[in-house]
Structures are given as C-alpha cells and as structure tokens.
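Please open the structure in your viewer and keep the selection panel at hand.

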Amino acid sequence: MRIGIAGLGTMGRVHAAAYRRMGARLVAAYDADPAVTERFAGEFELEPAPDYESLLRSVDVVDVCTPTFTHLEMAETAFALGVDVILEKPLALTASEGRQIISAARESGRRLFVAMVVRFFPQYRKAAELVRAGELGRVGVMRLKRVAFPPAAGWFRDPARSGGMPVDLMIHDLDYARWVLGQPASVFARRSPALEGSALEHVQAVLEFPNGALALVEGGWAYPPGYFRTSLDIAGDRGLVEWSSDQPPPLQTLFPKDAPPPALGLPMAGLEEDPYELELRHALEALESGAPFEVAPEDALAALELALAVRASADSGKVVEVA
Amino acid sequence: MRVGIMSFAHLHAEGYVQNLRRIPGVELIGFSDTDAERGRHFSKLYGLRWFWTHEDLLEERPEAVIITSENATRRPLVEMAAESGAHVLSEKPIATSVADAIAMKRAVDRAGVLFMTAFPMRFSPAVRALREMVASGELGRVLAVVGVNHSENPKHHRPWFAQKELAGGGAVMDHSVHLADLYRWIFEAEVDDVYARIGNPFDPDVDVETAGLLLLNMEGGLPASIDASWSRPSHYPRWGHLRMEVLGEKGAAVLDAFAGHLHLWRRGAGRDYEWLGYHPDPNQGMIDAFIASVRDGGEPPVTWRDGFEAMRVALAAYQSAASGSGVRPTELK
C-alpha cells in the first residue's frame, strides 16, 4: 500500500517519522509551498509531488495533515480520484462540512480514518479498558485536562480557519469522554474572559451523561511557552484511576538549561510506545484487511459536534443539549 | 515450535505462559511440577497440561524449555533438558554457586543446545534508550551510577524466595543480578570489585537477608551502587522499582523503567492502591528473542556468560558482607 502525505507542517512531520519507524511504504509528499515539499521530500527520501492531484495519482492512501479549513476540499478530491484518506483531526471546521466528507467517502466507496490519536495513548486506553471491565463500578465524575501554550502565529490562531481551541485541541478529550462514557446529554462551558481579544483561550466544560455521570473537560492555549500538560481522573463508586503528564517519564535527561523551548509542544507518551505509530499502524492494518476502524468517521463527527457545542455554550452562556 | 515450562516454582512462569501464547507458531505443550498441588492449581488456572515429573515433560520432546524452578534447583533441570536436546531459557540468577553454573554450561555445550539467561530489563525500551545514550557519548564520561531494584518481600507470593537452601540467599540473590547485568551491558565493562553490607531489618521470621546494599567498582573506575533490599511494604502500590541514575560529565540521565503507570484504587483487589503499568511487558521482548534464537539457531542475546557474571556479583556481595572488605567477583571459583 503506497502512502502519500499532504501538508508538511508539524503533524505531517510526526506522521512521516512514524511511518518511517514502522517501515510503511511512504512514497510521496506534497505541500502547498513547493520549497517545503522539496525540503521535506529530500529529508525523508520521498517523491516530491508538484501538485495535490499528482500526489493522489501516485498513491493508494493519502494522509492529509493540512490546516483544518482545507480538509473538505482535500478529502473530496482524494475520494474523487479513488484514494483512501487518513485525515488529521479535527474532521472539519463545521458539522455540515464533516457530513459532506463522510458522504463523499461513502459515495466513492473509499475509506476515511480520522486520526483521533488520544485513543491510542496507552494510558488513556488502559483507563478506558478499566471502565469497560467494570473495575471502577459506575463512573460518577471524570476529569480531563489538556492545556498548552498558544500556537505560533498563523491559521491556528484564527478560529475561522482552525475552529479555535475547542475544535482543535479540546476535541481530543471530548472524543475520549464520549468513547468511555457514551454520548453526553448536555454541555455547558465557560471561557476565561480575561483572555478575550488575545490569541489565548482557556475553556472549562461540564458534560452531563444520560446515566448521571459528569465530566469536567479543561482545554487551553494559555500556558507559558514550553508547557503541555494532560491528565485524566475517572472516579467510580468502586474504584478510581488517575494519571498525569506531570508524572516522570521512564527516562529523563538533565542537560544544561539553556536549550530553547519547542516550537509547538506535543505531549510525549514516553519511550515505550509511540501513540502516533500505534494509530497509523491500526489505520493501515484496517485498510489492508477491510476491518472496521476503531474510530469510525461518525465518532469523529460526533466529537466535532461536541467541540462546536462547547464553543457555542461558551459564546452564549447557555447549556447546549447534545443528546 | 513446541515449548515446555519446567516448574512453576518461580512466579515469573505465570507471565511467561501469556508471553508464549502471544507468539504465532509457538505451541505451549504444558509444564512440569513435582508439587502436585501447584501442578493442579496452575493446570486449571491456565488450561495447561501438567506433567508430574520433569522426565514426563521432556519425553514429549519439546524443542525449547523455560526453567522456572527455585534458584538452587536449576542445575539438574538444565542438565536434564540439555540431555534431551531442548534449548534452555533459565530464570535468573542462573544458579547459586559457581560449580552449579559451570556444570550447566558443560551440559548445554555437550548437548549443543542454546542457553539464554532471563534478564528481561535488557528488553525495556527505556533501558535500551539509556544504553544508546551512553554509547553515543551524549552524557560524556560517566562519573557515577546509582541503581535501585528494591521490592516487597516475595515470600508473600512464594515462600521459598526467603529460604536459603532453595533461594541461595535473600534479597541480594533475588535482585542484585538485574542491575549487575545492566551495568555490564550498558557500560561495557566487567565488575571489578564488590563491597556489600547485608542485614535482616524487615522480617524476623526468615533466616535470609532482607536488606542489601552493594557498592561496585566497574573496570576503569566507575562507582556504581545497587539497592537490592526487600524494603517496600506488602501494601506498597507495586512490587517495587527498577531505577538508575547515570551522572556524566556533560549531563545526567534518570531511568525509572516502570514510570508509565496509572494510579488505581479498587475495593477488594489485591492492592487497594496500585500503580498499574501501561507499558508493554519487557518479558514479551525477552521471550520473543529466545524463540527467535531457537528458530534461527543464533546465539541468544543474553548468554550463559551474562548470567554467570551477574551471579558472581551476588556471590561476591555475600563474601564481602562476611569479610567486611571488597571482593573481586572474577576471582570466585
């Protein structure tokens, strides 16, 4: 299965490195900026594609890591040319665009995998398994945190092109909450007013589930540069599970403290298993075998709808029913 | 490939059953155990065929065996297995005396079968990353190593661990071999000298040491310590730790091989509060490597020599504790 990668920014690089480590057949690369395409293709020893359609004509599956506002067009073009799509999250900017992508896949008979990577972080997966196995009893309160520093200037900082923090970042935990506890009934969110007018955003959302379970989901782009903190805390009536990225990794290094902070922080899963590799390996195996994806396109759409509900609630100050 | 397990005395046998079952093409034919109660229990628990004698198991002609008997009883099992033509993965420490270890080596050489020592920590990705970091010179010259492999008292799982005639000792025999092996492997040097102090501050009901501190000198002059104590209480959130701090001229590295864990509180579980690991199991990598060596006929990645040198460090620690001075493990005959 020949893989092409489109969009050669941070996530394009993360995915390309993961394909390389797993020995997958990544053959070609394309970016809207030809200079970026040339440099990237050289570095990863790939065929540089002069335009997106040339890339699509040389591969069986395309991994789309372009900005969110381009997802609809990128996916529709790929499906029209008979190419399967691995699409970086979020699915799209709006629910209607998301539905268009899903129906384009269905009509073309091609497959769509949306890269909701948090489901492939081993600690998140293990905690979900504990809940499903009944080890915690009935879940009462779930807390999920994902806070980072503001993204560098560009499309990320423009909600009209990225969807803003809830759609770009918090969507991970909204998807996770839904994966573990099912579809919530309602969402209420508050955005920190002190940050309004800046690129910084910090939102806390309360989700209520039909069985009475509650979730507090926190997401933000307001931490000092260099910080990316995540945590989970799931309390049931028979057990409790906690994890935090503040816990030390299996191997820490201590070098002189004058190294510059990273350009865009990504959470490190530790050395043991790379969640991006687990995620992409799963997608390729499911494409090979025809097995269903662990993240159905409808799940990615439901997560997007939750993120949009969080944004709408933060904007309006009102509860949004999402059942 | 047909594989058998000889003895369920060592609690690691339980994990190895799961590891073997995950490897395509491996058929676990069963296990032998001369303790009938244990045999029946684990036969039922894992749906495994139980052989009352080791001879009965070997008559089934397994291509390879994993020997998970008590430390002091491995020699006769290795000799029997080798004589029947089975390749051997031996639990650590491989033996409790130099004479037994050498006899095992003779038996496998005579039979022309492979011998691998079960040092799973070599298959931890974090340990491998540390080794690469040291080899790359990123840390500069290594100045000091501080290692911890302390745990709970394993007698709560299997009483023989704290019985000298079956275990060959206590905490030092149980644990010091893991870090001794990692030091030899990571720093590519033999252990030149062992100073050790042992005691029994934690369990008056046993006649072995429950505390052991070793201060090694690696060839070339690198001080490296090992805490092998059974110093964690039985209600600790996990069996214990494997940690190593490596101080170099240019930087330091801090290893906590089992750092990746969830904090889990459950009612009515074995531990009310538990650190539940989410890493892949290093034992799987080790068992995979053993099976691959048998299949391809290559030298196993952890050899008899590795098991022997680590065992000599433990034996040197007992001599040092008795004599009060440093002991060179390579001089132990």
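Predicted model: local features only at pLDDT ≥ 70, side-chain atom pairs only at ≥ 80, totals over all residues.

Residues are numbered from 1 along each chain as its sequence is written, while chains are lettered from A and ligands numbered from 1 in the order in which they are written.

**The sheet.** Select β3-β2-β1-β4-β5-β6 of chain A: in this order, six strands form an open sheet with parallel pairing. Strands (E, at least two residues) and helices (H or I, at least four) are DSSP runs, numbered from the N terminus; two strands pair if DSSP finds at least two bridges between them. β3 (47–48) and β6 (112–115) of chain A stand at the edges with a single partner strand each, so one side of each has no neighbour in the sheet. Next, select β4 (residues 61–64) and β5 (residues 84–88) of chain A, which pair in the parallel sense over four bridges. Val62(A) has Val85(A) in β5(A) as its bridge partner.

**The hairpin.** Move to chain B and select β13 (residues 261–266) and β14 (residues 273–277), antiparallel strands joined by five bridges. Trp265(B) has Tyr273(B) in β14(B) as its bridge partner. Six residues lie between the strands of this hairpin, and Gly268(B) takes a positive phi near 75°.

**The helices.** Finally, select α8 (residues 164–181) and α10 (residues 297–316) of chain A, whose axes come within 8 Å and cross at roughly 125°. Axes are lines fitted to C-alpha atoms, for helices over the stretch in contact (C-beta atoms, placed from the backbone, within 7 Å), and angles run from 0 to 180 degrees between N-to-C directions.
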